Amino acid sequence: MTAVAEPEVGKARLRKEDARLITGRTRWTDNIVLPGMLHLAVKRSPMAHAKITRIDVAEARSMPGVVAVYTAADLDPEGTISAPYAWPITPDMKAPRRPVLAAGKVNFAGEGVAVVVARSVAEAQDALDAIDVDYSALPVVLDMEAALTDGYALVHDELGTNRNALWVFDSAEAGSGGNVDDAIRDAEVTVTRRFRQQRLAPAFMEPRSTVVDPTGNQMTIWAATQIPHILKTMTALTLGLPEHKLRVIAPDVGGGFGGKIGVLPEDLMSVLVAQKLGRPVKWTETRSECMMTAHHARDQIQDVTIAANRDGTVTGLKVDLIADMGAYCGLVGPGVPILGAFMFNAIYKFTAYRFACTNVFTNKTLTDAYRGAGRPEATFAIERIMDELAVELDMDPMALREKNWIKHEEFPFTTVAGLTYDTGNYEAATARAKELFDYDGLRREQAERRASGDPVQLGIGISTYTEMCGLAPSRVLGSLSYGAGGWEHAAIRMLPTGKVEVVTGSSAHGQGHETAWSQIVADQLGVPFEDVEVLHGDTQTSPRGLDTYGSRSLTVGGTAIVKAAERVVAKAKPIAAHMLECAEDDLEFTGGRFTVRGTDQAVGIQDIALAVFTAHDLPDGIEPHLDSEAVYDPENFSFPHGTHLCATEVDTETGKVRIRSYVCVDDVGKAINPLIVEGQVHGGLVQGIAQALYEEAVHDESGTLTNGTFADYHVPTAADMPTFTVDRTETPSTTNPLGAKGVGEAGTIASTPAVVNAVVDALRHMGVREVEMPCTPMRVWQAIHGGTR
Ligand code: MCN
């Protein structure tokens, strides 16, 4: 057996999976070709809200290569099937049926009205043009506030309202703090602002795709999904299929960012068509379909009031949100703003808080989770208004934050929103960030540029954030009426040759789990990193799991692996004692070896695996394997934090914003793989900066998405980005044995307000108080010239 010298955890290992992912020599859903497989193409509505008065598929049925054309009446004659939603946030939440294909009426532009099944993709696509649909236009509901007024047109007549739900958290009622109206009434200073979270498209690299193979009475589904386990259970429940006859495989998946957590009408449609025809089928969307119909995100109006004393002590915060659900409820869409409800108070200690969110239906693509899900919106609002409060108080914005944040010696700290943050050190992260950024030097330069009337002004933006991730204690999720638990499963199989298979319920789609999980197992079992194989994303290999989102995989799934590994070691111990002819208590386990304390007698765990396999000489009552499994349900969320500082140069003549420098110091507790952590932060930053400066999904007055291609929707490239200065402090979490906190969303959550604060800071002396996102040159120019002065 090979001796393992230094710990794997903490090593900046290159990712095992990257060679195949980067070269594309791997299996994506759309690569899958099965004998006799047919292809689906979906006819989509160009209208955002209309009655379907006639639909004629006869000509399409006669097109070359076409095997069938189906409408809602064919696939769901009873009209009862609905793509599921799993987060009824209030008992009286209104949720319309989300049909597999629109029946009688379309509710957003892009909704499917018919599906063509053909021998090739091209033949299926060609036949779409031969489907004739007549629509009778209905009033289009686009404006969230107008949609809530009495007598306004309704998206769903049968609901009698456009209001999906009203969800309220009040610290006075929850017993976690005081009354916010009292705090506002008694405050020496209040600041009120309205912020707009624009609508974003997750824009993952690989469009969505589903392959369904009905063989015998077994149904195998391959899907470009983040949630193979949830997709399996939900498909069974929704279509009334026996779950034990279903197998879902998420092969390599090209990104998701939350955009692949749905159970899609197209998934259900693919199953129904495969069932009907008894043939394998494939549906892969085009990029334009993806932009138009994969769920969007954010899209909130935030009315925020902060109360404080003149000395800068914040005393209360009141938040009123309106959140656009789009035309239907997404799988967890209604709950996304609720995830933010616990984060508006951020790292601050104020004691009165009220959050109210009204979710509203409009005739747009539905919204659901996108990297950060609720928490970027909350972080944006609190970090923007802290800057505005600092101006009102004539304080340095960093000094205001320092005055109000939780000090490192005050942890664990229970917040006004009722969460208990286990650990944190905001002072350390901020001190390091200021040092790397040259905060004081940049402030001096800013003053000089203002004095000289430089047309290019310098702005400094701060974001000191925390977030709750690592979803999550099942009980807490239950108390929020979330439809699933928050545990994760792991199994470890020791093979006869000492190699190790790790089965995880997490379902990576770009996060590098194969590498990080191998590092954890290598240390726990003392086996070489290369000897570990990580298996995931197939419900037959990994029967239990709750998948990957909410930056949960390491803190929950990684901990399940630690627990399973501890059981492997515990199982090996009596066998080691038997082999070494000693008492179990005399053994110590380090570096993969059981050693008789005080002697050089030892046996390696990989050798024990072989001895167990032969089973020639096992102690009585010992099963001949070391395989173990564990399910871990965390006791708390994980609370990474950090300080992000951004310097922007804003050309006051053209409105162009250039990020001059960006420094972030994040604290994700113990980093399992610092290189992966850095990569996650980089990717997260780009998505957060993109919200600040570039991206917005825009609908015109007819409800048509006007920028549904990558030529129009500005997903930034490396050329748009500065070189980031990324560093970490390490304050271990006390809620999991790894000491780790999640990182997958941190960069996105922190960066948007840092950039917008910097843009506003550059222009404040010109009277600018707000620039709506994305801060495009036009919007910045308009703000300078009075638009939002
Ligand atoms: N990690 C680590 N040390 C830590 C924290 C994390 O080494 N202290 C490593 C983990 O081992 C894992 C990675 O960082 O390899 C991310 O871990 P974690 O924070 O647990 O997040 P998840 O794996 O659960 O990933 C989900 C998260 C989310 S919610 C979105 S959205 C997102 C993200 O990850 N989508 C992504 N990162 C993405 N990265 C890619 N490439 N593609 C996406 O779609």
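Ala, Val, Leu, Ile, Met, Phe, Trp, Tyr, Cys and Pro count here as nonpolar; Asp, Glu, Lys and Arg count as charged; the others, Gly among them, count as polar. The views below show a predicted model.

**View A. The shell around the ligand, by class.** The shell holds 12 nonpolar, 16 polar and 5 charged residues. Which residues come nearest to the ligand? Of the 33 residues around the ligand, they are Gln-511, His-513, Ser-553, Gln-680 and Val-743.

**View B. Polar atoms facing the ligand.** Arg-371 places a polar side-chain atom 3.2 Å from a nitrogen atom of the ligand. Arg-552 uses its backbone: a polar atom there is 3.1 Å from an oxygen atom of the ligand. Lys-741 also takes part through its backbone, with an N or O atom 3.1 Å from a ligand nitrogen atom. How much of the ligand does the protein cover? On its own, the ligand has 830 Å² of accessible area, and the protein covers 95% of this area.

**View C. Helix H17 against helix H18.** Two packed helices are described by the angle between their axes and the distance between the axes. For H17 and H18, the angle is about 30° and the axes are 10 Å apart. The crossing is right-handed. From H17, the contact takes His-513, Trp-517, Ile-520, Val-521, Gln-524 and Leu-525. Their partners in H18 include Ser-553, Leu-554, Gly-558 and Ile-561. Further along H18, the contact also includes Val-562, Ala-565, Glu-566, Val-568 and Val-569. By class, the contact has 10 nonpolar, 4 polar and 1 charged residues. Look again at His-513 and Ser-553: both belong to this helix contact, and both are among the residues that come nearest to the ligand.

**View D. Helix H8 against helix H9.** H8 spans residues 228-239, and H9 spans residues 265-277. At what angle do they pack? The angle is about 60°, and the axes lie 11 Å apart. H8 and H9 cross in a right-handed way. H8 brings Leu-231, Thr-235, Thr-238 and Leu-239 to the contact. H9 meets them with Asp-267, Leu-268, Val-271 and Leu-272. The classes here are 5 nonpolar, 2 polar and 1 charged.

**View E. Two cis peptide bonds.** Pro-412 sits in the loop between helix H13 (397-404) and strand E16 (413-414). Another cis bond joins Leu-471 and Ala-472, where omega is about -25°. Where is Ala-472? Ala-472 lies in the loop between strand E18 (456-466) and helix H16 (474-479).

**View F. A positive phi at Asp-299.** Asp-299 is a residue other than glycine, yet its phi is positive, near 55°. Asp-299 belongs to strand E13, which covers residues 297-308.

Methods
Residues are numbered from 1 along each chain as its sequence is written. This is a predicted model: local features need pLDDT of at least 70, side-chain atom pairs count only at pLDDT 80 or more; totals for chains, interfaces and linings use all residues. Side-chain values use heavy atoms; hydrogens and water are left out. A residue is near a molecule or strand if one of its heavy atoms lies within 4 Å of it. A polar contact is a pair of N or O atoms within 3.5 Å; within protein, one must be able to donate a hydrogen and the other to accept it, and residues adjacent in sequence count only if both atoms are side-chain atoms. Accessible areas come from the Shrake-Rupley method with a 1.4 Å probe; for residues, only the protein chains shown count as cover. Axes are lines fitted to C-alpha atoms, for helices over the stretch in contact, and angles run from 0 to 180 degrees between N-to-C directions. Helices (H or I, at least four residues) and strands (E, at least two) are DSSP runs, numbered from the N terminus. A crossing is left-handed if the near helix is turned anticlockwise from the far one by less than a right angle, and right-handed if clockwise. Contact means heavy atoms within 4.5 Å.
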